[in-house]
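Let's take a walk through this structure together, one piece at a time. Have a look at the picture first, and then we'll start with a single pair of residues.

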Amino acid sequence: MTATGIGAPVRRKEDQRFVTGQGRYVDDFNRPGQAYAYFLRSPYAHARIRSIDTGPATIMPGVVAVFTGDDLAADKIGGLICGWMIHSKDGSPMKAGPHPALAQGKVRYVGDHVAVVIAETLAQAKDAAEAIVVDYEVLPAVVDTAEAAKAPVQVHDVSPDNTVFNWHLGNKDETEAAFARAKHVTKIDLVNNRLVPNPIEPRAAVGEYDPGTDNYTLYTTSQNPHVARLVLSAFIGVAPEHKLRVIAPDVGGGFGSKIFIYAEETVCVWAAKKVKRPVKWTSDRTEAFLSDAHGRDHVTHAEMATDENGKILGLRVHTTANLGAYLSTFSSSVPTYLYAPLLSGQYDIPAIYCEVDAVYTNTAPVDAYRGAGRPEATYVVERLVEKTARELGQDPAEFRRKNYITQFPHATPVIMTYDTGDYAASLDKALEIADYKNFQQRKQESARRGKLRGIGFSSYIEACGIAPSQAVGSLGAGVGLWESAEVRVNPTGSVEVLTGSHSHGQGHETTFAQLVSDRLGIPIDQVSIVHGDTDKVQFGMGTYGSRSGAVGMSAIAKALDKVIAKGRKVAAHVLEASEGDIEFKDGKFGVAGTDRALGFGEVALQAYIAHKFSGQDLEPGLKEGAFYDPTNFTFPAGVHICELEIDPDTGVTKIERWTAVDDFGVIINPMIVEGQVHGGIAQGVGQALLEGAVYDQSGQLVTASFNDYCMPRAIDLPSFQVGMTVTPCPSNPLGIKGCGEAGAIAAPPAVINAITDALGHEDIAMPATPQAVWRAAQKARMPVAAE
Amino acid sequence: MTTVSLTVNGQSVTADVDPRTLLVQFLRDNLRLTGTHVGCDTSQCGACVVHLNGQAVKACTTLVVQANASVVTTIEGIAQGGELHPMQAAFREHHGLQCGYCTPGMIMSAIDIVARKGNGLDEQTIRAELEGNLCRCTGYHNIVKAVAAGAQAMAQAPLRQAAE
């Protein structure tokens with residue numbers, strides 16, 4: 001390993017600009033002559049729009065234009081789309097209601113887009129929005145996930161019972177048979193609480209139109225600018241694909257919420273042409289709470305069957321998933337193919353059957369949020385496994401070990417084939433780091449102080465490296481999920497890598513450069529990573545699902561192989577040797593068995609001056625591209641152990657120790673990987689203890705600010721003990737599995753398992769706030785008095 | 001409109017502004033100092049923290065008229081002569097940032113914590129003192145390490161502190 005190669009904790013190249021305030025985020029871009037957009041949003045969760053009178057607003061100071069859904073329709077601008085078709089059990093396609101960028105006839109959640117005001121200043125746009133007169137016929141709203149299908153409210157005409165689909169996976173008959181022969185059945189009811197992603201940078205968009213060239217430009221907070229361009233052009237019809245440039249510059253966190261194509265950027269691009277000026281919109285935090293796609297929101301009943309030896313025989317799961325008022329870009333895939341295929345966890349479970357009913361409600365759309373389906377699956381499996389172990393009187397660690405998959409490849413009953421792993425190795429290491437053997441002593445010591453100490457496990461697995469295009473195509477995806485890369489070697493030997501991945505905190509400018517430095521043997525500062533601009537990078541699928549290492553870097557590796565192969569040909573001509581005798585090692589092309597060699601930079605120069613070979617025999621230049629399509633998902637897995645202490649008098653839960661042992665396959669930069677784990681754990685602990693989006697019965701979001709929605713702060717978290725085990729991923733050339741979502745997937749059940757262990761009963765839901773824990777602690781103390 | 005005069009990162013600035021202009025809007029829109037960020041509208045996230053007369057303030061809840069005749073330092077103003085401030089260097093060295101959006105506010109708060117609490121900061125003090133700053137990426141683990149190390153490094157660079 002070199003100081004900047006694969007495996008080195010290289011300090012990040014991008015940090016110089018971030019620590020000095022020189023990062024360039026979308027809101028930092030100001031275009032000449034720009035006007036400001038402000039969206040008038042529905043104050044009601046469900047209402048018919050009888051009329052909109054924009055007249056009073058258009059004469060307000062500074063107003064450039066006011067547009068409604070009718071204006072978009074007149075220009076034949078299509079609605080927003082959901083790009084993953086799910087079929088119900090009966091074979092019928094999911095019921096996708098229309099999703100106009102600006103409301104047409106009806107609003108379906110608080111924050112839904114009614115009109116846009118474009119003005120000289122943001123303040124003027126806001127003032128004018130108040131002058132728009134909307135005549136609403138307020139309708140009853142449905143917000144409750146479990147009640148949606150029965151509610152006397154119809155969110156979309158296409159779905160009389162508010163059901164988007166009734167989907168299933170697994171084998172029902174085999175599962176029923178497994179339960180029939182079970183010695184023990186454990187049952188659990190779970191709510192996976194609705195979350196708001198809340199990257200600290202709010203969404204923003206600047207649309208621009210050049211009448212001279214008929215070119216459009218969109219600066220947007222996107223995790224996948226090419227997908228945004230494709231959807232905006234091919235489906236929404238704002239501009240032709242080749243005339244639309246989408247730039248996603250520095251992006252301040254995404255966590256899934258910036259994958260999707262939203263109303264605001266659609267309107268900004270379209271309106272820029274209408275008003276002949278750049279149009280800028282920046283979300284404030286309240287708008288973000290109201291209209292960024294939310295995450296999770298499942299209601300689940302699950303059962304686990306075990307035999308007389310404590311071996312798991314079967315799992316059956318019924319989940320109702322709330323998708324909100326409209327189907328967001330990838331929403332339908334989250335509670336289906338990103339969820340049920342993970343229900344086998346790390347365990348050898350012969351029979352699994354899962355049913356998912358997805359429902360519409362009068363709430364913000366729900367889509368992928370860090371982990372996307374996999375945290376929901378892990379919460380089901382790991383709560384159920386822990387509860388089963390307790391009911392059987394077995395140690396939860398040993399119960400897991402007994403049921404771990406140990407032979408690979410392993411085909412689960414829910415369509416996944418795990419390629420490799422060593423789950424017991426992660427467990428052993430985690431038990432050691434967590435000092436599990438002395439836990440009872442610590443518990444007794446806590447008890448002496450009147451505190452309740454608990455320990456909770458989470459043996460999670462995830463499917464990352466999303467994904468083989470053919471496989472996802474057969475499951476309903478509207479796109480392929482490969483990644484692209486182009487390696488441009490300059491005559492001076494410096495290298496630019498154009499990648500379809502997008503970095504919004506992951507540190508690609510460093511890790512991708514480490515790969516290049518490692519493979520080409522050139523200094524890391526000779527490498528630039530270019531991403532986030534559709535005029536520079538030809539196409540790419542973007543960054544989500546922990547895919548940029550396993551898929552994005554594999555594409556780069558493939559392109560680098562081609563560069564080296566071409567370099568070998570160039571060197572052979574220059575060194576007057578046969579190509580077969582040229583070896584590339586430590587950044588030098590040499591003739592085997594001699595000391596004749598050319599440095600990488602010399603070969604680059606020779607490739608461009610083309611003096612030593614005929615252009616007919618060998619093309620000049622040194623530039624290669626590659627598309628990499630994965631052959632399988634990757635399966636990062638690990639064990640997290642949470643140890644916490646509850647003060648039964650106040651309900652305050654304090655996490656005392658956090659142990660994470662993860663197997664991410666080959667690691668490019670351990671510093672960055674550990675940082676990803678830390679951040680994921682924090683979001684998972686946030687879900688378990690603090691966060692929850694709450695709508696009241698009328699559909700008002702009562703947690704629409706950082707005052708009301710409890711984000712994890714430094715004081716809420718401990719330092720984490722992070723360990724690694726490594727089984728290289730066999731399905732990609734770098735052996736990478738992915739690390740971006742692990743913490744958020746692993747953490748929630750670890751926390752709740754520790755709380756239930758401390759309390760001695762299972763009756764606690766997320767978020768386990770001090771009030772909830774206090775009530776649960778009183779129940780544990782005095783079951784009758786607390787009734 | 002009203003006229004304000006203040007010193008920002010060592011430079012005198014005078015401008016006519018709408019009286020409702022926030023300090024953060026003035027910095028970002030008038031001076032194009034876009035390192036100071038806006039992450040919320042309730043003074044909770046701390047992405048906008050700057051120093052006003054040497055003390056940390058949230059520029060999203062400070063009117064620029066309140067900064068009249070004052071000295072303001074932003075994230076763009078703490079590196080000296082091309083050399084990072086010790087706290088900036090510590091955030092980089094300890095991977096105390098990922099997306100970078102909360103980072104300017106974090107660093108400005110951290111420098112303020114050192115000014116108030118000294119150079120020998122323990123973990124609990126740092127965690128408690130960061131109550132006004134939200135980070136969604138790092139889980140705070142490496143921010144806490146960075147602040148502790150930055151505080152120590154600031155003790156090694158007293159001249160720099162005096163210069164600020």
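Find Val317(A): its bridge partner in strand E15 of chain A is Cys354(A). The two strands involved are E14 (residues 312-322) and E15 (residues 351-359) of chain A, which run parallel and are joined by nine bridges. Strands here are DSSP runs of E with at least two residues, helices are runs of H or I with at least four, and both are numbered from the N terminus. Two strands count as paired if DSSP finds at least two bridges between them.

Before going on, keep in mind that this is a predicted model: local features need pLDDT of at least 70, side-chain atom pairs count only at pLDDT 80 or more, and totals for chains, interfaces and linings use all residues. As for the labels, residues are numbered from 1 along each chain as its sequence is written, while chains are lettered from A and ligands numbered from 1 in the order in which they are written.

Now zoom out to the sheet. This is an open sheet of five strands in chain A, in the order E7-E15-E14-E13-E8, with mixed pairing. Which strands sit at the edges? They are E7 (163-170) and E8 (184-192) of chain A, each pairing on one side only.

Next, hop over to helix H14 of chain A, residues 508-520. Its 13 residues reach 17 Å from first C-alpha to last, close to the 18 Å expected at 1.5 Å a residue (the expected span is 1.5 Å times one less than the number of residues). Is H14(A) mostly covered or mostly uncovered? Mostly covered: 12 of its 13 residues are buried, including Phe512(A), Leu515(A) and Val516(A). Buried means that 20 or more other C-beta atoms, placed from the backbone, lie within 10 Å of the residue's own; exposed means 12 or fewer, and partly exposed is in between. These buried residues pack against several elements of chain A, among them strand E20 (495-499) and helix H15 (548-574). Just after H14(A), Gly521(A) takes a positive phi of about 70°.

Along the sequence they follow the pattern β-β-α-β-β-β-α-α-α-α-α. The radius of gyration of chain B, taken over C-alpha atoms, is 15 Å, close to the 15 Å that the globule rule gives for 164 residues, so chain B is as compact as a globular protein of that length. That rule is 2.2 Å times the number of residues to the power 0.38. Buried residues make up 55% of the 164 residues in chain B.

Methods: Two residues are in contact if their C-beta atoms, placed from the backbone, lie within 7 Å.
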